[in-house]
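Reader: I'm new to this one and would like to know where the labels come from. Could you take me through them?

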Amino acid sequence: MSINRIKQSLDSLVGKIFLAGFILFAGQAAAQIPDVEVQIVNPLKVTLPLFERNFELAPITPPTPVYPPLVYEIREVPFRGPEFTPSIKPLKLKVGETENKTEGTASIGFGNYLSPLADLYVPLIRKEKSSQYASIRAFHNSYLRGPVDGKNSSSAMTTVSGDYRYTGERISFGSMVTYRDAANNFYGYPEGTEINYADVRQYYRSVAVGAELANATTTKYQFRLSSTFSTLWDRFDAAETDWKAGFENRFDLKKFGKLHFNARYDFLAREDAQTDPSPRNLIRADLFHEFVPVENFKIRSGVRGAYENDLLTEKEFHFYPLVELNLTLQKLWNIKSWIQGDVKKNSLHLLSANNPWLNTDVDIRHINNRLAVGLEGSYRYPDGFRFFVGSEFKEFGGQYFFTPALDGSRFNMIYDDANLINAYAGSDYLKGKSAFRFRADYFGWNTKNLEAAYFRPEWKLAFSSNFSIGEKVVLGPYAHLLAGIQKFDAVTLAVGMMPVVIDLGADVRYSFSERGSLFLRATNLLSRENAILSGYPTRGIQGTIGLTWKF
């Protein structure tokens, strides 16, 4: 038996031990609960994601921390339908926060595949009703071994951030700084290839700073001025500068509704081995009117303009309609429809976060979403249940798709005009400390020149939940399925179907005191490869056990 097979057998054995411990831990915790009615008072905040576990692509990168909401980030104009784009992202486990922001938390853990975890949150201002807020956070999680050839498929994530906010009588101010280091090796090479570890190493590192200024109270005139600057680089020759600035305005016209004017500027400069750092500019401006002609019926109508200077684009100036209708009936039914368009920003920052195995000198362009038309209806029961169903049609001018390079370990970018029909339905529930969400999506792609929409799912099912068992135990099972993913072989030029992706897992947290709790996390309980990009299977059963302490 080879050394690699021995290592894989050990990883599988350790994973099964974690799974057995997970089941035993949950069963013993539940068995200790007396059959009486109790009042649930959990001193720690539920740390499980309520609805979305961000499972999109191969879950090989380590977890990322949950930061406090970064209000300094420029927000998109609130002219959006219920977009549910299956962007390609790894599985990311979220580390919890304390209910009280004036309390610090420290978490440590360890799992199979030699995966240490550490998370520290320290509030620098501990007054509960202070007009100022400041904190720092440090997070690290790494997997020293992976599913292919041990350390060749290892990965790591490290982030360090700090933020400061001030809220006065009229003005609020916020600022932040963040450092991020994400390491993901190129392990998608053909089986049996002799590989030197130094040749497959890859990382993306970035530093970002930002600030915003806005009204602190509601007045007739509301504004928000914000800006962020970020620089990113990899282990080789790629680097990118990303600077964005935005100005949002809202004028209250009293009985004539509200008038909105928003503008955003994005500056990008990327260089690579054979790519000159030519600047890319994207300017977008929205002007729309919001009014209520009759009770419970809201109308937003206006126009969006955009300018871009990407190469090979069909034109530099774009204009789109902005129309949204929202009708509420008896406070239970809601029907909304929309017609809009936009130029979607595309950058190495965004792409490397979605697919860390990019080739050098990939072709990066903004995406022209020429038209988006949608309709959605929902019904909410008084007891907390909500059911919804909807559909949206999108027309893209130059949507991107990933295609593997000849060596199979890296991915290039290819663009094609495409149409997308997204039909979806689901239900969610939120009441007290119990919550769940289920959603089913169908994505019907129609590409102009490509044979298929490579590496994009046709079907997606997602379920996540969390609920309390007694006063001390919180359980959060989840399930995800992706199907209908078509792959492209760069050697044979053949198109084939990827295996169905099924991910089952759960989190358990046991609070043994007001300050301390134990957590156990298990993912990929079926130990499937779950590859969504060809050549990149995920780890098998993953388990992490750890301790969280408040101070």
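Author: Let's start with burial: a residue is buried under 20% relative accessible area, exposed over 50% and partly exposed in between, with a 1.4 Å probe and protein chains only. Strands (E, at least two residues) and helices (H or I, at least four) are DSSP runs, numbered from the N terminus. This is a predicted model, where local features need pLDDT of at least 70 and side-chain atom pairs count only at pLDDT 80 or more, while totals for chains, interfaces and linings use all residues. Residues are numbered from 1 along each chain as its sequence is written, and side-chain values use heavy atoms, leaving out hydrogens and water.

Reader: How do you know which strands pair with β24?

Author: Two strands pair if DSSP finds at least two bridges between them. Strand β21 (residues 473–483) has 10 bridges to β24, running antiparallel, with Leu481 opposite Ile502. β24 and β25 share six bridges, also antiparallel, and there Tyr510 faces Leu518. A hairpin of four residues connects β24 to β25.

Reader: Why is the pair of Phe436 and Phe463 called tilted?

Author: Rings of Phe, Tyr and Trp (its six-membered ring) pair if their centres lie within 6.5 Å; planes under 30 degrees apart are stacked, over 60 edge-to-face, and the rest tilted. Here the centres are 6.3 Å apart and the planes meet at 35 degrees, so the pair is tilted. Phe436 belongs to strand β19 (residues 434–447) and Phe463 to strand β20 (residues 459–469), so the pair ties together parts that are 27 residues apart in sequence. The whole structure has 23 aromatic pairs.

Reader: Is Phe463 buried, exposed or partly exposed, and how do you know?

Author: Its relative accessibility is 30%, so Phe463 counts as partly exposed.

Reader: What about Ser347, buried or exposed?

Author: Its relative accessible area is 0%, so Ser347 is buried. Ser347 sits in the loop between β15 (333–344) and α3. A contact means heavy atoms within 4.5 Å, and leaving aside residues up to four places away in sequence, Ser347 touches Glu240, Asp242, Leu268, Arg280 and Ile364.

Reader: How do you know that Arg410 lies over the face of Phe186?

Author: The rule is that NZ of Lys or CZ of Arg must be within 6 Å of the ring centre and within 35 degrees of the ring normal. Arg410 is over the face of Phe186 at 4.1 Å from the ring centre. Lys151 does likewise with Tyr197, at 4.8 Å.

Reader: Last one: what makes a nonpolar core?

Author: It's a set of buried Ala, Val, Leu, Ile, Met, Phe, Trp, Tyr and Cys residues joined through side-chain atoms within 4.5 Å. The largest has 41 residues, and those with the most contacts inside it are Leu358, Phe402, Met413 and Trp445. β18 gives the largest share of this core, five residues.
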